[in-house]
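Subject: Handing over a structure

Dear colleague,

I am passing on the structure below, together with some notes on what was found in it. Please keep it open beside this message as you read.

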Amino acid sequence: MPEIVDEEQEGADGEMPHSTRRDVAAVNSSLATSICHWMKKHGKTVRPKLSSEQKQQLRECFELMDQDGSGAIDAEELGAAFKLLGIKMKRAELEDLLAEVDHDGSGEVEYLEFLEIM
């Protein structure tokens with residue numbers, strides 16, 4: 001997420017002391033959402049830095065969703081995961097969701113594409 005920086009605290013090298021940086025979402029969540037939508041619309045993304053523990057949890061989640069062990073999640077597997085979470089989606093909606101991140105056109109989401117969703 002983009003950060004808001006207090007310009008008065010800027011050092012001689014132009015870098016900000018870490019203590020003066022604040023996450024935009026913590027300051028104004030609607031502004032943060034607007035920024036993310038604008039960036040996505042213009043083909044840019046802001047990816048949070050994940051800890052090794054978070055990466056491991058996402059890997060485990062991916063592997064649970066990948067029921068056939070193929071290394072990719074298809075619409076059927078994604079639908080089953082959503083159903084367990086109580087989210088009802090039509091097949092076409094699932095395919096549209098997958099298509100948003102399926103850069104290689106395989107019809108499935110591999111792990112790196114899965115990370116984009118997260």
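The notes below go from the whole chain to one helix, then to the aromatic rings and a pocket.

This is a predicted model, in which local features need pLDDT of at least 70 and side-chain atom pairs count only at pLDDT 80 or more, while totals for chains, interfaces and linings use all residues. Residues are numbered from 1 along each chain as its sequence is written, and side-chain values use heavy atoms, with hydrogens and water left out.

The overall chain

The protein chain holds six helices and four strands, where helices (H or I, at least four residues) and strands (E, at least two) are DSSP runs numbered from the N terminus. Along the sequence their order is β-β-α-α-α-β-α-α-β-α. Of its 118 residues, 21% count as buried; buried means under 20% relative accessible area, exposed over 50%, and partly exposed in between, with a 1.4 Å probe and protein chains only. Among the contacts (heavy atoms within 4.5 Å) in the protein chain with a separation of 6 or more, 33% are between residues 24 or more positions apart.

Helix α5 and its surroundings

Helix α5 spans residues 91-101, and within it Leu94, Leu98 and Val101 are buried. Seen down the helix axis, the buried residues of α5 fall within an arc of 65°, so they line one face of the helix; the arc is that of the directions from the helix axis to the C-beta atoms. An α-helix has 3.6 residues a turn, so residues three or four places apart point the same way. On the other side of α5, Asp96, Ala99 and Glu100 are exposed. The buried residues pack against β3 (72-73), α4 (75-84), β4 (109-110) and α6 (111-117).

Isoleucine 117 belongs to α6 and is partly exposed, at a relative accessible area of 36%. Leaving aside neighbours within four places in sequence, isoleucine 117 is in contact with Val101 and Val109.

Aromatic rings

There are three aromatic pairs, counted where the centres of Phe, Tyr or Trp rings (for Trp, the six-membered ring) lie within 6.5 Å. Ring pairs link Phe62, Tyr111 and Phe114 into a cluster. Arginine 59 lies over the face of tyrosine 111, 3.6 Å from the ring centre; the rule for such a charge is that NZ of Lys or CZ of Arg is within 6 Å of the ring centre and within 35 degrees of the ring normal.

The second largest pocket

A pocket is an open set of points on a 1 Å grid over the protein atoms alone, where a 1.4 Å probe fits, with protein on both sides within 12 Å along at least five of seven lines, and lining residues have an atom within 4 Å of a point. The second largest pocket has about 150 Å³ of space, and its lining includes Cys61, Leu64, Ala81 and Phe82. Both α3 (52-65) and α4 supply at least two residues of this lining, and α4 gives the most, with five.

From C-alpha to C-alpha, alanine 81 is 9.8 Å from cysteine 61 and 8.7 Å from leucine 64.

With best wishes

How values were computed:
Phe/Tyr/Trp six-rings, centres within 6.5 Å; stacked < 30°, edge-to-face > 60°. Points joined across faces, edges and corners; volume = space filled by probe spheres on them.
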